[in-house]
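Hello,

Please find the structure below.

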Amino acid sequence: SYTTDTKSREENKKTIESLYSLSVDIKKIRRLKEWVLLQDVAYVKEIAGILQEMGADETTVANILERCPEAVLHTPAEINSQRDLWQLVCQNEKQLIKLIEQFPESFFTTENHENQKANILFFQELGLKNNIITRFLTSAPSIFYNPVEKNKNVIETLQRNYLSLGGSDANMKIWILKLLSQNPFILLNTSTSIQENLEFLQKNDFTDHEVLQLLSKLKGFIFQLTPTTMQKSMLFSKNIFKCSNQELKRLVLKCPALLYYSVAVLEERFEGLLKEGISVAQIRETPMVLELTTQILRYRIKKLSALGYDIKSGTLESLNGTKKDFEVNYGKIQSKKERPIFNPVAPINIED
């Protein structure tokens with residue numbers, strides 16, 4: 001609702017003076033969000049006052065207003081309502097001000113206030129811990145703008161499918177909470193798209209147990225795909241590996257990235273591995289290497305080659321895993337190479 005036409009407007013002197021008195025870097029605001037300085041009405045002193053009431057010192061207030069100058073365009077009433085809302089999940093105001101400093105844009109998005117409140121209460125009823133809800137507020141604020149009924153529908157669809165796929169009542173709550181905390185963005189999907197994706201997997205001969213396995217392995221990201229993109233990715237893998245439907249299914253269960261990544265991404269990663277002299281047979285044996293970017297793979301291959309480890313003739317297992325996993329494997333190979341071979345029963349040569 002704020003104008004961004006900067007040519008015909010002049011900066012609001014009162015806004016600039018108020019920001020200057022708070023040691024805010026005006027040049028930074030001019031460079032990034034000059035339109036804020038052009039608005040006729042701003043509540044600089046009032047918003048700074050509310051932040052100070054919560055325990056923010058002068059430097060913190062200046063940091064917040066430099067990073068999110070549009071904060072001053074909200075009325076004190078709006079910001080106080082937002083403060084009350086976030087306090088439903090924050091331990092105290094000290095934690096709240098720390099969150100505002102780290103994620104000012106999330107805090108100063110005050111629209112859909114009623115939806116935000118209803119969703120916070122719904123997540124609490126569902127059993128999500130307050131620290132998880134604060135993580136959602138800061139990293140996935142858009143899920144709170146949905147009407148609470150929409151979020152409830154998605155959760156009910158997931159619960160219904162979990163049970164129909166053979167999941168137990170006793171484990172359902174833990175499964176849902178884990179899925180949500182790993183990927184809150186599943187709430188931005190529709191119940192229909194969730195249903196379609198699960199039906200696609202069943203039509204492709206994945207058993208109910210295997211579908212549940214894929215849901216957990218993919219942390220709910222499967223719902224951000226469509227049957228068409230999954231079909232294309234599977235077809236690409238089938239052609240590359242020259243395998244049967246049954247073999248392809250086994251590969252997907254071993255490496256869900258074959259289902260999740262687009263054809264363009266898979267193609268680029270395959271080409272990167274083949275350029276390094278790695279064969280399709282090796283990739284088929286250890287498909288999880290496709291979860292890594294070409295850049296990471298090049299770096300890891302280079303490090304192992306420096307130790308004399310020939311990736312072309314060996315297994316790709318040593319390339320796999322997280323950064324930490326790789327460092328552990330690399331350390332083992334390195335210490336094996338540095339350790340002298342000593343045979344305790346070999347005769348000792350003593351020169352005459």
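Counting ring pairs whose centres lie within 6.5 Å, the total comes to 11 aromatic pairs. Please keep in mind that this is a predicted model.

One of the pairs is F123 with F136, an edge-to-face arrangement with 6.1 Å from centre to centre and 85° between the planes. F123 belongs to helix α8 (residues 113-126) and F136 to helix α9 (residues 130-139), so this pair ties together parts that are 13 residues apart in sequence. Both F123 and F136 are buried. They also belong to a cluster: ring pairs link F122, F123, F136 and F144.

For Y261 it is the charged end of R269, 4.5 Å from the ring centre. For Y330 it is the charged end of K303, 4.3 Å from the ring centre.

The axes of helix α11 (residues 169-182) and helix α13 (residues 208-217) come within 10 Å and cross at roughly 40°. Angles from 65 to 115 degrees count as roughly perpendicular and those under 35 as roughly parallel, so α11 is oblique to α13. On the α11 side the contact is made by W175, L179 and Q182, and on the α13 side by L212, L215 and S216. By residue class, the contact of α11 with α13 has four nonpolar residues, two polar and no charged.

Which residues would I look at to begin with? The cluster that ring pairs form from F122, F123, F136 and F144.

Regards

Conventions. Residues are numbered from 1 along each chain as its sequence is written. This is a predicted model: local features need pLDDT of at least 70, side-chain atom pairs count only at pLDDT 80 or more; totals for chains, interfaces and linings use all residues. Side-chain values use heavy atoms; hydrogens and water are left out. Rings of Phe, Tyr and Trp (its six-membered ring) pair if their centres lie within 6.5 Å; planes under 30 degrees apart count as stacked, over 60 as edge-to-face and the rest as tilted. Helices (H or I, at least four residues) and strands (E, at least two) are DSSP runs, numbered from the N terminus. Buried means under 20% relative accessible area, exposed over 50%, partly exposed in between (1.4 Å probe, protein chains only). A charge sits over a ring if NZ of Lys or CZ of Arg is within 6 Å of the ring centre and within 35 degrees of the ring normal. Axes are lines fitted to C-alpha atoms, for helices over the stretch in contact, and angles run from 0 to 180 degrees between N-to-C directions. Angles under 35 degrees count as roughly parallel, over 145 as roughly antiparallel, 65 to 115 as roughly perpendicular and the rest as oblique. Contact means heavy atoms within 4.5 Å. Ala, Val, Leu, Ile, Met, Phe, Trp, Tyr, Cys and Pro count as nonpolar, Asp, Glu, Lys and Arg as charged, and the others, Gly among them, as polar.
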